[in-house]
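Dear colleague,

I am handing over the structure that follows, together with some notes on what turned up in it. Please read the notes with the coordinates open beside you.

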Amino acid sequence: MALPTVGTRILFFTGKGGVGKTSLSCATGLALAEAGGQVLIVSTDPASNLDEVLGTALTATPTAIAGAPGLFALNIDPEAAAFVYKERMVGPYRGILPAAAIASMEEQFSGACTVEIAAFDEFAKLLGDPGTTAAFDHVIFDTAPTGHTLRLLTLPSAWTEFIASSTGGASCLGPLAGLEKQKALYAATVAQLADPAVTTLVLVSRPEPSALREAERTRGELAELGVSNLRLALNGTFAAAQPGDAIADAMTERGRAALAGMPAGLARLPRSETPLLPQGTVGLASLRAMSAADIPVPPSLDPLPPLVLPGGLEALVAEIAAAGHGVIMTMGKGGVGKTTLAAAIAVALTRQGHSVTLSTTDPAAHVRDAVAGEVAGLTVTRIDPEREVADYRDEVLAKAGGSLDAAGRAMLEEDLRSPCTEEIAVFRAFARTVDGGKDGFVVLDTAPTGHTILLLDAAEAYHREVSRTQADLPDAVRSLLPRLRDPAFTRTLIVTLAEATPVHEAERLQQDLARAGIAPFAWIVNQSLLASGTADPLLAQRGRAEIPFIERVSRSLSPRTALIPWRSPATA
Amino acid sequence: MTKLEVYDPAMCCSTGICGPEVDPALVAFAADLNWVAEQGIAVQRYNLGTEPQEFAANPAVIKEMEAGMDRLPIIAVDGHIVSTGVYLSRDQLAAKLGLVQPKPRIAVAAGGSCCSPKSGCC
C-alpha cells in the first residue's frame, strides 16, 4: 500500500529531514478526510512548509483546507509561541518595574530553551488536554526533524524527573519554572504517546542506508521511552521500468540494497511503500497521487532546450584552497547531502596538500562513513554531545566544586543535570573546532537548519555577554562570532536540492544568516537528476522539473553556484 | 525567626553553571545560603526573571533598581536592605545575621547574570 494504515486517533510522523514527513502526513490526512473523517494536521517544525504543501495559509488555530472538506491544519511556530509566553510573563510588570528591569527579564526569555518549551507547551495542550482536539476524528503531527522531535518527546519524562528530584528549589529550570504547574498535563501527554490504542508513530525513511539507520536509531530510542506502536513508511521507492540507464539502474540497485540491508528491528515493523513520483508533492492533486495504487506513467518529453548549467565542485574548491586556511561550513536542511559534500570538499583540499579537519555537530551525521577509508592529512572529528557534557561537568566540578562543602557540591551536581548543560557544552566544542581554522582548513558539516540557527544565535549571545563581563573566557569563544562573520575566514556553503521546498527553505536559511551578519560564499545544488544525464522516463521528467530551481539559484540567489549530478552513494 | 531575602538579577540558575563560564562567586554564594539556612535562618531567594512579583511588591527594591540594575543582587535582613550589588561572603552573611562563623572568607563582586541571555540555557 502507498500510505501507512491508520488504526489510532493520533498519528506522528518522524524521520530524518527531507524524507517527506510533511508530504506523507498531508497525503495520509487528505485520504482520511476524503474517507469522511474530520482530520487535523499539526506542524511543530520551526521550518515548517505545511502551508506550501496544502496550499492554504495557516495559523496557530485549526484552519480549513481549501478544496478538502474535513481537513484542517495548524502550524505551531515555536518562536511565536515563545513570544506569547514571554509577554505573559513580562507584560504584567511593564510600568511597575523600571524599564531596565523589564529589559533584563525579556533577555532571559529570548533563548533557545524558552522557544523549545513554549512549542512543547502548545504541543502538550493538543495532546494532553483532550478538549482542544475533541472535534477531530484524527490528529496528525508532522513533527520536526528527528533530533528535535526526540527532544520534544523525551522532554516530558526528563523534566518530570528533574522537577521531582530537584531539592534546591531555585534550580536551573529558571525562566521555565512555570513548568511545574504543567506537570499533570505533561504526564497525560506522555501517557497518550505511549498508549498503542491511542497513538501510532510512523517512522518515515527514504530507501537509503543513512535514512534507514536514522529510523532504526529513532525506533530504539522510542522503544526506550515506552512507545511501541510503530510503522515504517518508505517514501520514494523506485525501480527502473526497464534496465539500461546507468542512473536508473544505480538508483534501483541502491534502493534494493538498502532494503536488503535494513536493520532487523525496522524490517519487523508493519510497512508501507510510497513510490517515487515524477512530480513534486506540493498541492492537493500531488498529495492524492501519493495514495494512488499505480505508479503514474510519465508522458514523453520534448527535446531539452539549450541550457548553460553551473559547474561542479572543482572551481569552488580551487577558490577555497587559494585562501590557504579557514573554516568551511556546509549548511542546509537535513537530507540534502551536507555530510557527503563536506567530506568531498575536505578530501579535495587534503589532496591539494592542505591540513584539513572534518568535523560535525550533527548527531545524526555519519561523517566517517562519508569519507571512504583513511586519507593522509585529513582528521575526522565529531562533536559528541554526551562526551562534551561529561567533560564540561568534570571541568566545572574541578574549577568551582573544590571550595565547596558536601552540601554545596551536591547542589552544584544537581544543577549540572539540568537540560541547559548540554547546549553550553556543545557550544564550547563548536567554538574550539572553529578555532582550528586559523592554521589549517576546518570543514564543518553543521546540524540541520533550525538547530544551526540556534547555534549561531547562541554565538551572538555569547558575543554580547563576553563583551560585557570580565569572566575568564577562552580566546576561541571570544573570537567565534567575528570569525563566523569574516568572509576571509569562514566560507558558508548553502546546500540544497533543485526542488520547490528545499530551495524555499534554503532561501529562509540565507535570510536568517543575513540577520546574523553572515553572507554565504556559494550555493551547491546537490543530487541533480538533470545533470546526471539519465534517460529513464520518470527520472528525466523529475530532472526536467529541476530547471526553474537551478536557474533561480544561479541567477538570483547566489554569487557562485555548483551543480552536483545525482550519484549513487557508493561512488560519491 | 530571622529572615534573609536575596533579590537576584534575572538569571536562569542560582549556581551560575549555565553561563559561558562558571562564576565561582555564584556557586559559593548558593552554598553559603544553604549553610545560613542550616543555622536556622529563613532564606528566600527571588529571581527577577521568574519572580518579578516579589520585586514589584517591595518599593525599596524598586527604588534601588531605578538607581541602576547593578544594584542587584539586593540582600535584605528582616525587610531591611543590608547590601546591594554584591554577593556577600559566608563571613559577611554571618556578621549581618549575628551568626558564629569561624572560617574567614573574602567577598567577591557580583559577576553579572549567571546565564548569558541566548546561551540556549534560558
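For the helix packing described below, axes are lines fitted to C-alpha atoms, for helices over the stretch in contact, and angles run from 0 to 180 degrees between N-to-C directions. Please keep in mind throughout that this is a predicted model.

The helix pair comes first. In chain A, helix α12 (residues 313-322) packs with helix α13 (residues 338-351) of chain A at an angle of about 55°, and their axes are 10 Å apart. Because angles of 65 to 115 degrees count as roughly perpendicular and those under 35 degrees as roughly parallel, that makes α12(A) oblique to α13(A). The crossing of α12(A) and α13(A) is right-handed. On the side of α12(A), the contact is made by A:L313, A:V317, A:I320 and A:A321, while α13(A) contributes A:A344, A:I345, A:A348 and A:L349. Sorted by type, the residues of the contact of α12(A) with α13(A) comprise 8 nonpolar, no polar and no charged.

Leaving aside residues up to four places away in sequence, A:A346 touches A:V356, A:L358, A:L378 and A:V443.

As background, most residues other than glycine have a negative phi, and most peptide bonds are trans. In chain B, however, a cis peptide bond joins B:L72 and B:P73, with omega about 0°, and B:P73 lies in the loop between α3 (59-67) and β3 (74-77) of chain B.

Where do the residues with a positive phi sit, A:Q527 and B:D78? A:Q527, which is not a glycine but has a positive phi of about 55°, is placed in strand β14 (residues 522-528) of chain A. B:D78, also not a glycine, has a positive phi of about 50° and is found in the loop between β3 and β4 (80-84) of chain B.

Conventions:
Residues are numbered from 1 along each chain as its sequence is written. Chains are lettered from A and ligands numbered from 1 in the order in which they are written. This is a predicted model: local features need pLDDT of at least 70, side-chain atom pairs count only at pLDDT 80 or more; totals for chains, interfaces and linings use all residues. Helices (H or I, at least four residues) and strands (E, at least two) are DSSP runs, numbered from the N terminus. Angles under 35 degrees count as roughly parallel, over 145 as roughly antiparallel, 65 to 115 as roughly perpendicular and the rest as oblique. A crossing is left-handed if the near helix is turned anticlockwise from the far one by less than a right angle, and right-handed if clockwise. Two residues are in contact if their C-beta atoms, placed from the backbone, lie within 7 Å. Ala, Val, Leu, Ile, Met, Phe, Trp, Tyr, Cys and Pro count as nonpolar, Asp, Glu, Lys and Arg as charged, and the others, Gly among them, as polar.
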